[in-house]
Amino acid sequence: MSGGEECRVAFMWDDSFEQFDNGINHPVRRGRFRAVRDYLWDQGLLGNGHTLEMRAEPLPEELLRIVHTTDYIQMVRQISETGVGDIDIDTPGFVGIYDTARSLCGGTTTGVDAILNGEIDHFVSPTGGFHHAFPDHGGGFCVFNDIAASVCLLQSRGVNRVLIVDLDVHHGNGIQHYFYDRSDVMYVSIHEDPEWMYPHSGRVEECGSGEGIGYTVNVPLPMDTGDSGYQYAFDQVVSPLMEFFQPEFIFMLPGFDTHFLDPLAHMVTTTSTVRYTTTKIHAAAHKFSDGRLAVVSGGGYHKDALRWGVATVISVLAMLPYSAPEESPSLTEDRETWDEIHSAVETVRNTVFTILGL
Ligand SMILES: [Zn+2]
Ligand SMILES: [Zn+2]
């Protein structure tokens, strides 16, 4: 199918998503996903005959065992049974976390399976994109790595060239780790400068190793990058890489936490950037990947920024009308910020693009 025809778009859901509860003061608290879903119904983006809601099954345990160590799985199980202990300093444990984490990751694997079976072209999950989860530990609100598990699923079904475009404001250190030495999975991340931003990785020099050199691409951007700076960086880096790599499947983390309302970051974008990047990635999916595109939420810790962002993505993929309410970030175009953006982009192009022969 080519872009322009009507795409089949699923919104992944299961009531168990709401069981993931880090407590009332945590950025990932109960009610976060429900608010997104209610908003989509209110805006006519669900229940309209153009999109469908798809029931998410939990992440299969056989995939879990491929991407995580036995010791780590056992540790999560134990925390889940007793309620004692934490996944990491910022990722509290609670009774039932094992099943709930599998359920959240299952939005991604169920959606990928449905794309592979030809039931849908694209899906959007209000959760997933747990890019800080490693084989043997979690952190950064992430328990299990749904992307790593989904790549295993894809490759077991003969889909080999997978592109992950991670626009979350934080660097996806877990995803990077899984695929660092591989050229069949390209990981491209635009994020806020690791100098001050969690998880303090994702410098341009981290660009893969061995076979994978050039297939990890990190673009750290300054605070106050704003919509135009962000879109410039995307065009200069992500667009040519999509053309070069010609992926068979694309994952996108839209970066809802780059929004100016987000309490954890300082990138100062609006949903116009979500619309911009989704439109380009959607077009690339139809050009190279037979339309196969999975959108997983990743971060997004302001209720409005998150629901406006998810609504924007669905409106682009399903070609339905939607506009977010008026957004007015306070941002002054600043010469120094632009110098830093240009310098980050140039460094990527001079290193990674040179390695790849672009
Ligand atoms: Zn489409
Ligand atoms: Zn994030």
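**Cysteines, a helix and a cavity**

Biologist: Hi! How many disulfides are there in this one?

Modeller: The count is 0 disulfides, taking a disulfide as a pair of cysteine sulfur atoms within 2.5 Å. This is a predicted model, where local features need pLDDT of at least 70, side-chain atom pairs count only at pLDDT 80 or more, and totals for chains, interfaces and linings use all residues. Side-chain values use heavy atoms, leaving out hydrogens and water, and residues are numbered from 1 along each chain as its sequence is written.

Biologist: Is Cys105 buried or exposed?

Modeller: Buried, at 1% relative accessibility. Buried means under 20% relative accessible area, exposed over 50%, and partly exposed in between, with a 1.4 Å probe and protein chains only. Cys142 is buried too, at 4%.

Biologist: Switching topic: how many residues of helix 9 are buried?

Modeller: 13 of the 16, so helix 9 is largely enclosed by the rest of the structure. Helices here are DSSP runs of H or I with at least four residues, numbered from the N terminus.

Biologist: And what follows helix 9?

Modeller: Met319, with a positive phi near 55°.

Biologist: Last one: which residues line the largest cavity?

Modeller: Among them are Asp224, Thr225, Trp338 and Ile341. A cavity is a set of points, on a 1 Å grid over the protein atoms alone, where a 1.4 Å probe fits but cannot get out, and lining residues have an atom within 4 Å of a point.

Conventions: Chains lettered and ligands numbered in written order. 1 Å grid on protein atoms, 1.4 Å probe; cavity = no way out; pocket = protein on both sides within 12 Å on 5 of 7 lines; lining within 4 Å. Helix = DSSP H or I, 4+ residues; strand = E, 2+ residues; numbered from the N terminus.
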